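Have a look at it first.

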Amino acid sequence: MADSSGAQSLGAEHAGGTGHGPMTGRRYLQSLKDEREVWIDGRRVADVATHPAFKDMVAELARLYDLQNSPQYRDEMTCIDPDSGERISLSWLLPRSADDLKRKRRNSELWNQLSWGQLGRSPDILAPYILSALHLKDEFSAVKHPRCDFGENLQNYYEYCKRHDLFLTHALGDPQVDRSQQTQNERRAVAEDTEVAVHVVEETADGVVITGGKQLSTAAPHSHEVYVSLSATFAQRNNPKCVLAFAIPTGTPGLKILAREPVSRWFGSWGHPLQMLDEQDCMLFFERVLVPWERLFMLYDPTPMVKMLGAGGHAVSFNFLGWSNLCRVEVRMRLLTAVATMVAEAIGVIEFREVAAKLGEMATYCEMWRHAMNGIEHEAGPTPSGQWTLGPSRATHIWFAQISGRMVELLREICASGIIMQPSENDLASPEIRQYLDRYMRGKDVDVEYKSRLFRLAHDLAASSYGLRQDIYEYWHGGDPNRNRINLLRSFDQREMKGRIRELLAGPLPHGEIP
């Protein structure tokens, strides 16, 4: 039988919360004191806000939440909701005009500038995902079930998240057990392995009971809610019981979260300026978890999700990722380029032809991304639902997956061996060895403190375990790049050019004179 307790009702105040409106640092810290079951290195975590593996990230998010309410940023990161009259985070504003999209762009710029473009799962990331699903509300409602209206569930869930300014993560893919039978862009020929895939075990009066695993959920330990659905790869299931989308609180009974090895724990005093931004990546294990009917958005029929994701090879007219990821990529690219430039200046190689060419390559990528963002904004417009959307951006995410690793590689090449060997803060403070550091480890017109700290920042970005995790994350952030290329190709309109070519080939081609 199902567990007697399940996910929280949308009518209740959010677990651990102390009110509504734009999230504050104090409310956020309080909201994490629930029954979430987080495991790391074989032990259950008693409090994610104080555990060494999570506390720096939690504290950084609390700082960012306070900034969104500060006099400096309040008018750029929050607004009055035209529907409720209450102040809300701009992340949750439903855009109804080009001006709304510009305000949301500025909000996303700030979230990412204040976190150095390092958070692929900031609180600003999943809000547009839920918002975008609303433009297909009627399609979700068209899939009928006697116990609930999936479109209305989406609307109510959006209102709930907006009112409480909740931090969502998501989990879309199946565990990496046996992918040999997983076709892409087509319906599977064989049923999913229900020992692995999340699936419906039974229906009850209160909801559906589910079991299975999900890989990968970034930021799960310190999120409020987990949105579970299907990626474009997994959208076309063979077994209808494996077709579902829902959202539940992170502390829901039966949900176990297994965190990976931290990439922010270090020995000694070597500088790691980005260590507070290790957002964690987790496996999710669902063991007879009860999902209430009101928290289900899709069940047994994937039609609306296939349309939303373009998983059937058709064009996607709605930009469901919004500004947040676009702005994050821009900040990250500019950070990598600026650090590489400053390193070249610090060691006197900025005028070397090959170094300047590498920096110029990095600047080219930054400018291409800026042009793309402006083009996406230029193509923004209203949908039939009245919600405004940015122009298509499928190709931009594919392109960044291709060039992100190249930018990291260029930074490493410009740093050369200096990215590996730099003194620690204790070394800099040691009277016994400081004289040698001043003589042998300084830079061109810069002292050893500046140079070593600059190189340590480069190390965090391109040579540390943190930097490697970021590099891998960027490649897979938008899903399988090959799948995305195939889906883009299938929806890429070539009719006009192919028609012209056929006309050209319909008769003899121009040729040389025949003697």
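L168 has E225 in β8 as its bridge partner. This is a predicted model, where local features need pLDDT of at least 70, side-chain atom pairs count only at pLDDT 80 or more, and totals for chains, interfaces and linings use all residues. Residues are numbered from 1 along each chain as its sequence is written, and side-chain values use heavy atoms, with hydrogens and water left out.

Strands here are DSSP runs of E with at least two residues, helices are runs of H or I with at least four, and both are numbered from the N terminus. Two strands pair if DSSP finds at least two bridges between them. On that basis, four strands make an open sheet with mixed pairing, in the order β5-β8-β9-β12. β5 (168-171) and β12 (296-299) are at the edges with a single partner strand each, so one side of each has no neighbour in the sheet. Neighbouring strands are turned by 20° against each other on average, direction ignored.

Helix α7 (residues 150-164) lies across β5, β8, β9 (244-249) and β12, running at about 150° to β12. Contact means heavy atoms within 4.5 Å. Axes are lines fitted to C-alpha atoms, for helices over the stretch in contact, and angles run from 0 to 180 degrees between N-to-C directions.

Now the helix pair. The axes of α9 (residues 322-346) and α10 (residues 353-378) come within 10 Å and cross at roughly 160°. The two are therefore roughly antiparallel (angles over 145 degrees; under 35 is roughly parallel, 65 to 115 roughly perpendicular, the rest oblique). Residues making the contact include W323 and M333 of α9, and Y365 and W369 of α10.

Y365 also forms an aromatic pair with W399 that is edge-to-face, at 5.9 Å centre to centre and 70° between the planes. Rings of Phe, Tyr and Trp (its six-membered ring) pair if their centres lie within 6.5 Å; planes under 30 degrees apart are stacked, over 60 edge-to-face, the rest tilted. Y365 lies in α10 and W399 in α11 (residues 394-415), so the pair ties together parts 34 residues apart in sequence.

| Site | Feature | Value |
|---|---|---|
| Q215 to L216 | cis peptide bond, omega | near 15° |
| R288 | positive phi, not a glycine | about 50° |

L216 is in strand β7 (residues 207-218), and R288 is in strand β11 (residues 281-292).
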